[in-house]
Amino acid sequence: MAGAIIENMSTKKLVIVGVTLLLFQAFAFMVGGLIAPSPTTAVHYLAAKCVDTSKHRQETKWFMPWGQDQCEKIRSFEEAMAKKIEANNIVFAVHIPLHYNEMSPWFQFMLVILQFDIAFKMYNQIVDGALVTVDVGLAYRDDPTSEWTEMAHSLEQRKLNCNFTTAKTFENEGRHYECDVLPFMEVGSVAHKYYLLNIRLPVNERKKINVGIGEIRDIRLVSIHQNGGFTKVWFAMKTFLTPSILIIMIWYWRRITLLSRPPVLLEKVILALGISMTFINIPVEWFSIGFNWTWMLLFGDIRQGIFYSMLLSFWIIFCGEHLMDQTERNRFSVYWKQVVPIVFGSFCLFIFDMCERGVQLTNPFYSIWASDVGTELAMAFIIVAGICACLYFLFLCFMVFQVFRNISGKRTSLPAMSKARRLHYEGLIFRFKFLMLVTLFCAAMTVIFFIVSQVNDGGQWHWGEHRVQVNSAFFTGIYGMWNLYVFAIMFLYAPSHKRYGDEQSSGQCITGDAGANSGEDIQLTTTITHVDGPTEIYKMIGKSAQE
């Protein structure tokens with residue numbers, strides 16, 4: 001009997017394949033949890049207050065907080081007032097990284113957030129809706145003695161969101177507001193060893209620039225970058241998985257083309273899923289080590305979006321092809337109501353990403369979160385995406401339930417068969433149901449591990465003397481799980497080598513003894529319509545309309 005590997009492979013071999021995939025899955029989690037470090041590192045900086053002593057501002061002059069060419073510094077604004085130094089002549093300087101350290105291309109990206117230390121003064125309070133205007137420049141160099149080269153310069157505004165938890169009285173002057181952190185900068189590659197930030201807070205009372213923002217004492221920055229050790233583990237996984245998926249995909253499609261019939265929609269969608277998995281696997285990130293490609297973050301988001309769109313569409317079509325009769329299946333147009341919302345949602349997320357990281361390609365200081373409208377729009381996107389993901393998962397569960405109910409209706413004919421044929425079909429049904437449950441489990445695991453990574457702030461669990469990096473395990477484990485799932489689908493749904501091109505089973509009747517009161521054959525399939533498909537379960541369900 002012709003069919004797919006999931007049907008014709010012996011139970012013993014199928015168990016061996018399942019256990020092997022399960023061991024690889026456990027290894028993927030262990031690589032992230034026990035071998036790889038935390039995905040990211042956060043470094044805290046306190047900006048040095050430099051004094052610009054030149055009478056006319058020089059755009060090419062950079063102020064270093066330490067070193068041989070360090071700037072003239074002051075400790076506080078009281079010292080500046082005593083020396084009659086104006087606010088426009090004060091430059092906040094931050095060198096990234098800290099002293100005696102170097103940045104590396106293995107860090108992949110650099111995200112910087114900002115926080116102001118603002119003291120309360122009765123006659124200089126923060127007004128409602130206060131905006132801070134920041135004149136910021138970013139420079140780089142690769143040698144400690146070379147000159148700084150400007151990388152970006154911008155005039156940005158950030159809205160202050162600060163609370164004063166005690167009574168606003170003269171006795172509480174000098175206490176600090178509690179202010180939210182502000183998005184400041186994101187760079188898509190770390191191609192240079194040293195970076196320098198020069199920040200000015202220009203004051204113009206006539207134009208109401210930096211007026212009503214309280215008394216700013218200090219500026220604190222937090223630089224977040226990907227760990228080099230995690231990057232190496234991530235690249236190694238991509239390098240290993242790329243040929244694995246590519247080989248199984250070529251092998252799968254070669255077996256499909258050897259059939260005498262043309263490929264059905266389900267087989268084509270499985271190939272498309274393999275192509276999208278290969279696209280996200282290709283380790284083009286290796287080039288970021290030698291080239292200053294700031295668009296790699298955006299390109300990575302696009303690749304992920306394409307894969308997840310294909311994965312969500314595959315699940316819909318996979319379930320739908322096992323629900324419809326032969327007159328409706330094998331037509332992509334039937335699924336437009338389900339696929340169009342997935343494509344539209346992915347397109348909306350792409351537009352959102354372009355509005356953020358697309359603009360940052362030319363201005364790393366831009367942030368959609370910097371304005372009220374941008375923040376509300378971004379939050380709306382995130383909330384709607386979360387709601388749609390939950391609704392999709394519920395809809396997928398409903399479709400799987402419908403498939404199970406459809407198969408259960410077919411099982412009523414099994415007792416009338418001979419024992420051998422009945423056991424054969426019961427085995428096929430069990431294998432198919434198990435695969436559907438694994439599909440739901442993979443989708444649920446993604447949601448669960450995402451929640452765990454968000455709740456566990458430290459990102460580490462301790463298991464005896466071993467430290468487990470939960471966030472790293474989440475990234476490597478889920479990434480490995482999707483690869484193993486796609487691998488399993490292409491392997492199990494490939495045509496069996498036992499009988500290539502044998503389509504006789506599609507026209508055969510499955511008969512049995514109906515009992516003493518009935519001499520008629522009970523048919524699970526019919527010869528009215530010719531049914532082609534990858535598995536016997538697929539063919540059996542496709543005849544429901546004619547029965």
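**Close-up views of disulfides and salt bridges**

At 9% relative accessibility, Arg261 counts as buried (buried means under 20% relative accessible area, exposed over 50% and partly exposed in between, with a 1.4 Å probe and protein chains only). The model is predicted, so local features need pLDDT of at least 70 and side-chain atom pairs count only at pLDDT 80 or more, while totals for chains, interfaces and linings use all residues. Residues are numbered from 1 along each chain as its sequence is written, and side-chain values use heavy atoms, with hydrogens and water left out.

**View A. The salt bridge of Glu267 and Arg261.** The side chains of Glu267 and Arg261 meet with an N to O distance of 2.7 Å (a salt bridge is a side-chain nitrogen of Lys or Arg within 4 Å of a carboxyl oxygen of Asp or Glu). Glu267 has 1% relative accessibility and therefore counts as buried. By this rule the structure has twelve salt bridges.

**View B. The salt bridge of Asp117 and Arg220.** The N to O distance in this pair is 2.6 Å. The pair links distant parts of the chain, 103 residues apart: Asp117 belongs to strand β5 (residues 110-119) and Arg220 to strand β12 (residues 215-226). Strands are DSSP runs (E, at least two residues), numbered from the N terminus. Asp117 is buried, at a relative accessible area of 12%, whereas Arg220 is partly exposed, at 37%.

**View D. The disulfide of Cys50 and Cys71.** The sulfur atoms of this pair lie 1.9 Å apart (a disulfide is a pair of cysteine sulfur atoms within 2.5 Å). The link is left-handed, with -55 degrees about the S-S bond. It connects distant parts of the chain, 21 residues apart, with Cys50 in strand β2 (residues 48-51) and Cys71 in the loop between β2 and β3 (73-74). Cys50 and Cys71 are both buried.

**View E. The disulfide of Cys162 and Cys179.** The S to S distance is 2.0 Å. The torsion about the S-S bond is about 110 degrees, so this disulfide is right-handed. Cys162 in strand β8 (residues 162-163) and Cys179 in strand β9 (residues 178-179) are 17 residues apart and link distant parts of the chain. Cys162 and Cys179 are buried. The structure holds two disulfides, and the bonded cysteines, numbered in sequence order, pair as 1-2, 3-4.

Terms used. Helix = DSSP H or I, 4+ residues; strand = E, 2+ residues; numbered from the N terminus.
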